[in-house]
Amino acid sequence: MSLMVEVRGLVKRFPRERMGSLGASWDIYLQGLRQLIRHREYGEGEDDDRLVTVLDGVDLGVGDGEFFGLLGPNGAGKSTLIKILCTLLLPDGGEAYLNGFNVVEYPSHVKASISVMVSQGLRGFDQTLSARHNLEFFASLYNMRGRRARERIDRALGIVDMAGDADRRMNVLSSGQKQRVALARGLVLDAPVLLMDEATVMLDPRAAREFRSYVQALNREEGKTVLWCTHLTHEAEELCHRVAILDRARVTACDTPHNLTARMRDVSLLEIEVSGIHHDGGPPPVEPLSTRILDPADGRTLYRIKTDQTDTPRRLLAEMSHWVERNGGDLLMAREVVPSLEDVFMYTTGRPMG
Ligand SMILES: Nc1ncnc2c1ncn2[C@@H]1O[C@H](COP(=O)(O)OP(=O)(O)O)[C@@H](O)[C@H]1O
Ligand SMILES: [Mg+2]
């Protein structure tokens with residue numbers, strides 16, 4: 001299988017200090033220059049504490065036609081990786097190839113191979129023009145004009161279900177519709193690789209669901225290769241053939257969702273829902289893998305607890321129900337559950353996703 005995205009030992013470092021003002025960009029630029037000079041003099045600045053490594057030797061391979069997920073919490077380095085792949089940022093080490101082209105050496109070939117869709121993808125749209133006029137302008141930047149452009153734009157608007165609203169001004173469209181127009185912009189190019197960075201975060205749940213099925217159809221019916229970055233485990237589970245878990249600049253696991261969760265097959269999980277525990281009741285007697293407060297008003301809480309040979313589900317359930325009873329609470333539900341990707345993340349990194 002040929003690889004459409006190949007990343008080998010990719011490294012990216014940023015200056016540690018980050019400031020929000022406009023002046024900060026100068027500062028970062030000057031810092032970058034200083035670092036460049038220092039690197040020339042002293043070689044690699046591995047242990048320079050003014051730099052933070054946000055990609056630390058990342059390896060990935062995405063096959064032709066694959067729907068590949070990059071799953072990681074905020075700050076893991078997903079967007080940085082996408083920016084390197086779409087030639088917006090230069091790597092500090094390692095190599096990346098898109099559609100066989102080295103991203104540093106052949107940026108224009110890379111750009112012609114990708115459609116990029118990011119969560120803040122609405123930049124560059126003129127809000128006073130119609131969706132269609134915006135797309136025509138965008139196509140013209142790629143020297144696409146006349147009938148060919150019109151056909152492509154109509155097709156893209158159809159795919160994202162915006163044909164009926166294409167002639168309305170951008171500023172009267174809902175945020176979900178705008179997001180779909182932004183996707184259509186990516187589709188006008190008809191590139192073989194779709195790079196999606198948290199593409200659904202600005203959509204309401206229904207629009208997000210529709211959007212996911214559009215992209216799934218593009219993958220299934222048109223053979224597009226998809227690299228889908230998300231911090232949402234359910235998206236990775238639902239959509240992706242394979243998932244790489246990116247955590248703190250490193251890939252900690254990469255496999256099919258099924259195989260990733262199968263790693264936890266020796267571990268069963270007990271899910272326990274309780275409410276009304278006294279505040280002075282202290283923490284549960286067994287440390288849960290994860291804790292989710294469902295209703296702060298009555299303290300309804302869902303615990304997921306790892307069980308094994310010694311800590312059997314029966315024993316843990318008994319301990320938990322004693323604790324609930326002692327603290328005047330109610331045990332609402334207890335059941336054994338199949339581990340999810342969220343549990344795998346907790347299990348491999350020791351921390352929750354959120
Ligand atoms: N231009 C930049 N300058 C300095 N630090 C940055 C810059 N861009 C991203 N970072 C830092 O790099 C880390 C990874 O960020 P990012 O790639 O956006 O992660 P993710 O997309 O997984 O949330 C974060 O700690 C972020 O603050
Ligand atoms: Mg991001």
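The shell around ligand 1 draws at least two residues each from β1 (3-15) and α2 (78-85). Helices here are DSSP runs of H or I with at least four residues, strands are runs of E with at least two, and both are numbered from the N terminus. The model is predicted: local features need pLDDT of at least 70, side-chain atom pairs count only at pLDDT 80 or more, and totals for chains, interfaces and linings use all residues. Residues are numbered from 1 along each chain as its sequence is written, while chains are lettered from A and ligands numbered from 1 in the order in which they are written.

In total, 12 residues surround ligand 1. A residue counts as near the ligand if its C-beta atom, placed from the backbone, lies within 6 Å of it. The closest are Phe14, Val54, Lys78, Ser79 and Thr80. Helix α2 gives the largest share of the shell, 3 residues. By class, the shell holds 4 nonpolar, 6 polar and 2 charged residues. Nonpolar covers Ala, Val, Leu, Ile, Met, Phe, Trp, Tyr, Cys and Pro; charged covers Asp, Glu, Lys and Arg; the others, Gly among them, are polar.

Strand β1 also belongs to an open sheet of 4 strands, in the order β2-β1-β4-β5. The pairing is antiparallel. Two strands pair if DSSP finds at least two bridges between them. The edge strands are β2 and β5 (101-102), each of which pairs on one side only. Strand β1 is joined to β2 (residues 51-63) by 10 bridges. In that pair, valine 11 has aspartate 56 of β2 as its bridge partner. Between β1 and β4 (residues 93-98) there are 5 bridges. Here valine 5 is partnered by leucine 98 of β4. Leucine 98 also has a bridge partner in β5, phenylalanine 101. The β4 and β5 strands are joined by 2 bridges.

Ala131, Arg132, Asn134, Leu135 and Ala139 are buried. Buried means that 20 or more other C-beta atoms lie within 10 Å of the residue's own; exposed means 12 or fewer, and partly exposed lies in between, with C-beta atoms placed from the backbone. Seen down the axis of α4, the buried residues fall within an arc of 160°, so they line one face of the helix. The arc is that of the directions from the helix axis to the C-beta atoms. An α-helix has 3.6 residues a turn, so residues three or four places apart point the same way. On the other side of α4, Ser140 and Leu141 are exposed. The cover over the buried residues of α4 includes α5 (146-159) and α6 (175-188). Just after α4, asparagine 143 adopts a positive phi of about 55°.

Alanine 166 sits in the loop between α5 and α6. This residue is buried, with 22 other C-beta atoms within 10 Å. Its C-alpha atom is separated by 5.1 Å from that of alanine 131, 35 residues apart along the chain. Leaving out residues up to four places away in sequence, alanine 166 touches Ser130, Ala131, Arg132 and Leu157. Contact requires C-beta atoms, placed from the backbone, within 7 Å.

Across the protein chain there are 11 helices and 14 strands. Buried residues make up 35% of its 354 residues. Among contacts between residues at least 6 apart in sequence, 72% join residues at least 24 apart.

Notes. Contact = placed C-beta atoms within 7 Å.
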